[in-house]
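This report describes a metal site and a chain interface, taken in that order.

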2 protein chains.
Amino acid sequence: MNLQDYEKIKAKSLILFDKANIILTEEEKKDLEVADFGLNKIEDTGLQLITYVNTDLVCAKELALLPYQTCPEHKHPKRDFDDGKEETFRCRYGTVYLYVEGEETKNRRMNPPQGDEEYYTAFNEIILQPGEQYTIYPNTLHWFKSGSEGAVVSEFSTRSTDDSDLFTDPRIKRILELK
Amino acid sequence: MNLQDYEKIKAKSLILFDKANIILTEEEKKDLEVADFGLNKIEDTGLQLITYVNTDLVCAKELALLPYQTCPEHKHPKRDFDDGKEETFRCRYGTVYLYVEGEETKNRRMNPPQGDEEYYTAFNEIILQPGEQYTIYPNTLHWFKSGSEGAVVSEFSTRSTDDSDLFTDPRIKRILELK
Ligand SMILES: [Zn+2]
Ligand SMILES: [Zn+2]
């Protein structure tokens with residue numbers, strides 16, 4: 001991703017946080033993270049994050065999803081120090097379509113990003129409206145996508161170590177490379 | 001606390017959450033917890049809480065403080081399963097005056113509840129405005145109080161086990177007894 005695209009996505013994300021009435025410090029806004037997962041189609045597959053805190057034990061983040069943007073399928077495997085990251089997602093704005101391992105939901109509302117269907121296997125649908133939340137325990141495949149308004153999601157979790165996440169799509173690189 | 005007082009405090013707290021633009025489910029509103037710490041002067045010493053999630057590892061709560069209400073001094077000691085609860089407080093609305101162990105702040109802004117001064121020993125002042133936060137590691141004495149508008153605070157922490165909290169004031173009972 002080039003710097004101009006980064007700034008554009010960042011601006012759109014800050015509008016979403018504002019719609020969700022999330023108050024951020026100037027430093028948090030400046031440090032907003034844009035994850036394009038190395039797929040180079042950020043508005044389609046990507047995620048914007050602000051990390052409030054990430055200690056050895058607890059992490060809290062605020063996530064923004066652009067309209068119909070997908071955070072791609074992954075799981076959090078066992079780490080040296082625990083059984084894997086545990087995450088609770090609480091929707092604050094918009095609608096979040098969360099898909100986890102388990103029985104496939106009939107007539108589900110969202111599809112994986114076009115062309116990437118082969119890298120998506122979890123189709124048990126959980127729909128989160130503002131105020132609703134769901135907890136994902138370690139080692140459970142999941143992905144999520146927002147509806148037409150985009151979405152803002154609070155994440156409460158154990159320690160975050162992005163480089164230990166396992167993505168179904170082998171092309172994915174979690175760490176942003178600014179070109 | 002009698003049921004009528006409980007309902008009154010609950011209504012005031014829901015107004016604060018609304019001012020902070022926190023969206024809650026009907027069930028969360030119904031289950032709002034009012035802690036009077038057994039001191040029977042809730043508007044002076046007390047805390048209102050909504051627990052979003054509390055697993056073995058991670059807890060997230062939304063706290064409401066009425067104007068000038070104090071959450072009394074306590075610490076989180078070692079537990080069977082960890083070194084004690086770790087808490088991050090993030091201010092969402094109003095102003096929070098947080099006091100922790102350490103050098104006493106000169107000309108600090110708030111005092112302990114009148115008549116209870118002997119049960120307060122931590123006077124290192126941290127002032128949190130919306131968007132600002134502070135992390136309290138285990139076994140550190142702390143108390144906090146809101147300013148004139150009241151306050152709403154997000155708490156991100158390790159597992160919450162209220163009965164293991166150690167209050168400086170020996171009269172305090174953490175579990176609410178509805179009369
Ligand atoms: Zn995840
Ligand atoms: Zn505490």
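Both A:Glu87 and A:His142 are buried. The model is a predicted one, and these two residues belong to its metal site: the protein donors of the zinc ion (ligand 1) are A:His74 (NE2), A:His76 (NE2), A:Glu87 (OE), A:Glu87 (OE) and A:His142 (NE2), at 2.1 to 2.7 Å from the ion. Along the sequence, the donor residues follow the spacing H-x1-H-x10-E-x54-H. A:Glu87 is part of strand β5 (residues 87–100) of chain A, and A:His142 is part of strand β8 (residues 142–157) of chain A, so the pair ties together parts that lie 55 residues apart in sequence.

| Interface of chain A and chain B | Value |
|---|---|
| Residues in contact | 26 of chain A with 26 of chain B |
| Area buried between the chains | about 2100 Å² |
| Share of that area on carbon and sulfur atoms | 57% |
| Salt bridges | four salt bridges |
| Polar contacts (both residues at pLDDT 80 or more) | 10 residue pairs |

A salt bridge joins A:Arg90 to B:Glu28, with their closest N and O atoms 2.7 Å apart. On the side of chain A that touches chain B, at least two residues each come from β2 (47–54), β3 (59–65), β5, β7 (133–136) and β8 of chain A. The most is given by β5(A), with three residues. By type, the residues of this side of chain A comprise 11 nonpolar, nine polar and six charged.

Definitions and conventions: Residues are numbered from 1 along each chain as its sequence is written. Chains are lettered from A and ligands numbered from 1 in the order in which they are written. This is a predicted model: local features need pLDDT of at least 70, side-chain atom pairs count only at pLDDT 80 or more; totals for chains, interfaces and linings use all residues. Side-chain values use heavy atoms; hydrogens and water are left out. Donors are N, O and S atoms within 2.8 Å of the metal (3.2 Å for Na, K and Ca); water is not among the atoms, so sites may look incomplete. Helices (H or I, at least four residues) and strands (E, at least two) are DSSP runs, numbered from the N terminus. Buried means under 20% relative accessible area, exposed over 50%, partly exposed in between (1.4 Å probe, protein chains only). Contact means heavy atoms within 4.5 Å. Buried area is the accessible area (1.4 Å probe) that two parts lose on being put together, summed over both. A salt bridge is a side-chain nitrogen of Lys or Arg within 4 Å of a carboxyl oxygen of Asp or Glu. A polar contact is a pair of N or O atoms within 3.5 Å; within protein, one must be able to donate a hydrogen and the other to accept it, and residues adjacent in sequence count only if both atoms are side-chain atoms. Ala, Val, Leu, Ile, Met, Phe, Trp, Tyr, Cys and Pro count as nonpolar, Asp, Glu, Lys and Arg as charged, and the others, Gly among them, as polar.
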